Amino acid sequence: MRLVVQVKLLPTPEQAAALEATVRACNAAASEVAMVARERAVYRNYDLRKHTYAGIKADYGLGAQAAQHVIKKVADAYTVLKANIKAGRLGKPGSKRRRRAEAAPIAFRPNAAQPYDARMLSWQADAHTVSIWTTRGRLKGVAYIGSPDQLKALATSKIGESDLVHRDGMWFLYATVEVAEADPYDPDGFLGVDMGIANIAYDSDGTRYAGTRLNGYRRRQARLRARLQQKGTKSAKRLLARRNKKEARHAANVNHCIAKTIVTKAARTGRGIAVEKLTGIRDRVRLRKPQRVTLSSWSFHQLGSLLAYKARRAGVPLVEVDPQYTSQTCNGCKRRDKRNRPNQETFLCRSCGVVAHADHNAALNIAERGAKDWGAVNRPHAASLCNQ
């Protein structure tokens, strides 16, 4: 499977200047290619090369590989734009935002990420250095640092394409590596995981991964941003810039820890993991106005993605189940009633009288649906084996 490994570069001032000049030249060339693509209505990678390849090499001092990556970056950007328009993410047909997206060429920020392949970038894992192409020549011996796991992955895995990123005055490389997957096993039951807002996750064993601290942290950050924006001084703007993405990094770290704990528990007990299909949850859920900020800032997709890739890497089976009525159905008597959930935290069955934590009850239902869905998918295979 493929993973993305991030390392931080430690360039000298001269090396940093060369990297910045390279990124700016590549993105200026990309903006020019995007303009040509819009004017000529040519968006395919190979067709764009006929119109722009020679020109951007000469005008911006790009090498052959860099020029091709710039053109491909533009073609990919228009592919994503087309998909977003088709999915309605840029408004309805005829809306101002959609008309502007359809008419104006894509523009690239001066410091936008630039892709590198093996011809433009080589890794010296033992020395923790890279050799990287720039418009000012090849830079050799650029040092990098990372976590022990990241450095091990770079040293022992096959490295694919990398992205050079300039963020907050620092340089990073995001490298795609191929890592081995563990062999999946036949699960002995499933660990159900209910994801929510008050509690980030609640599993069917009764373990609660509370979201109180994270939600409180987000509220404090929101209040601080509001005060700094209202103040509007230069020092306030500098502080806002320094705090940019700090909340997202904190939330990502919390989600990583939760996903790792859940996958480790499932692997230790020989079970699979069952989660709800959360696609379109923001469109389905109806909340009061004070709750909408919390819903919008909660990273549904991120936690699900982390669970999926960590489970796959550990060989833990993972299934997504239908979320319909998991919070209204009693896990004991299986009776469904809207009144079974008098508030966010409490589940009180109107039929059998069982009282439970609402998220725990939902997680138990999710675990049962996971086992049922797993059996439905794998039963034909098992039957064919028995007939042989």
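This is a predicted model: local features need pLDDT of at least 70, side-chain atom pairs count only at pLDDT 80 or more; totals for chains, interfaces and linings use all residues.
1. Overall make-up. The protein has 388 residues, and 39% of them count as buried. Its secondary structure consists of 12 helices and 14 strands. Taken along the principal axes, the box filled by the C-alpha atoms is roughly 75 × 60 × 40 Å. Where contacts join residues at least 6 apart in sequence, 64% of them link residues at least 24 apart.

2. Helix 1 with helix 2. Helix 1 spans residues 13-40, and its axis comes within 10 Å of that of helix 2, at a crossing angle of roughly 150°. Because angles over 145 degrees count as roughly antiparallel, helix 1 is roughly antiparallel to helix 2. The crossing is right-handed. On the side of helix 1, the contact is formed by A25, A28, A29, E32, V33, V36, A37 and R40, and on the side of helix 2 by L48, H51, T52, I56, D59 and Y60. Sorted by class, this contact comprises 9 nonpolar, 2 polar and 3 charged residues.

3. Helix 2 with helix 3. Helix 2 covers residues 45-60 and helix 3 covers residues 64-86; they pack at about 135°, and their axes lie 9 Å apart. Helix 2 and helix 3 are therefore oblique to each other. Their crossing, too, is described as right-handed. Helix 2 contributes N45, L48, R49, T52, Y53, I56 and K57, which meet A64, A67, Q68, V70, I71, K72, V74 and A75 of helix 3. The residues of this contact divide into 9 nonpolar, 3 polar and 3 charged.

4. Helix 1 with helix 3. These two helices pack at an angle of about 55°, with 9 Å between their axes. The two are therefore oblique to each other, and the crossing of helix 1 and helix 3 is right-handed. From helix 1, the residues C26, N27, A29, A30, V33, A34, A37 and R38 meet V70, I71, K73, V74, Y78 and L81 of helix 3. By class, the contact holds 11 nonpolar, 1 polar and 2 charged residues.

5. The two sides of helix 5. Helix 5 runs over residues 148-156, and its buried residues are L151, A153 and L154. They lie on the same side of helix 5, because they cover an arc of only 160° around the axis. The face turned away from this buried side carries the exposed residues P148, D149, K152 and T156. Against which strands does the buried side pack? The buried residues of helix 5 pack against strand 1 (2-10), strand 3 (121-124), strand 5 (139-145), strand 6 (158-167) and strand 7 (170-178).

6. D168. This residue sits in the loop between strand 6 and strand 7. With a relative accessibility of 46%, D168 counts as partly exposed.

7. K334. The loop between strand 12 (318-321) and strand 13 (346-348) contains K334. Phi of K334 is near 70°, again positive in a residue other than glycine. Is K334 buried or partly exposed? K334 counts as partly exposed, because its relative accessibility is 40%.

Definitions and conventions: Residues are numbered from 1 along each chain as its sequence is written. Side-chain values use heavy atoms; hydrogens and water are left out. Axes are lines fitted to C-alpha atoms, for helices over the stretch in contact, and angles run from 0 to 180 degrees between N-to-C directions. Helices (H or I, at least four residues) and strands (E, at least two) are DSSP runs, numbered from the N terminus. Angles under 35 degrees count as roughly parallel, over 145 as roughly antiparallel, 65 to 115 as roughly perpendicular and the rest as oblique. A crossing is left-handed if the near helix is turned anticlockwise from the far one by less than a right angle, and right-handed if clockwise. Contact means heavy atoms within 4.5 Å. Ala, Val, Leu, Ile, Met, Phe, Trp, Tyr, Cys and Pro count as nonpolar, Asp, Glu, Lys and Arg as charged, and the others, Gly among them, as polar. Buried means under 20% relative accessible area, exposed over 50%, partly exposed in between (1.4 Å probe, protein chains only). The arc is that of the directions from the helix axis to the C-beta atoms.
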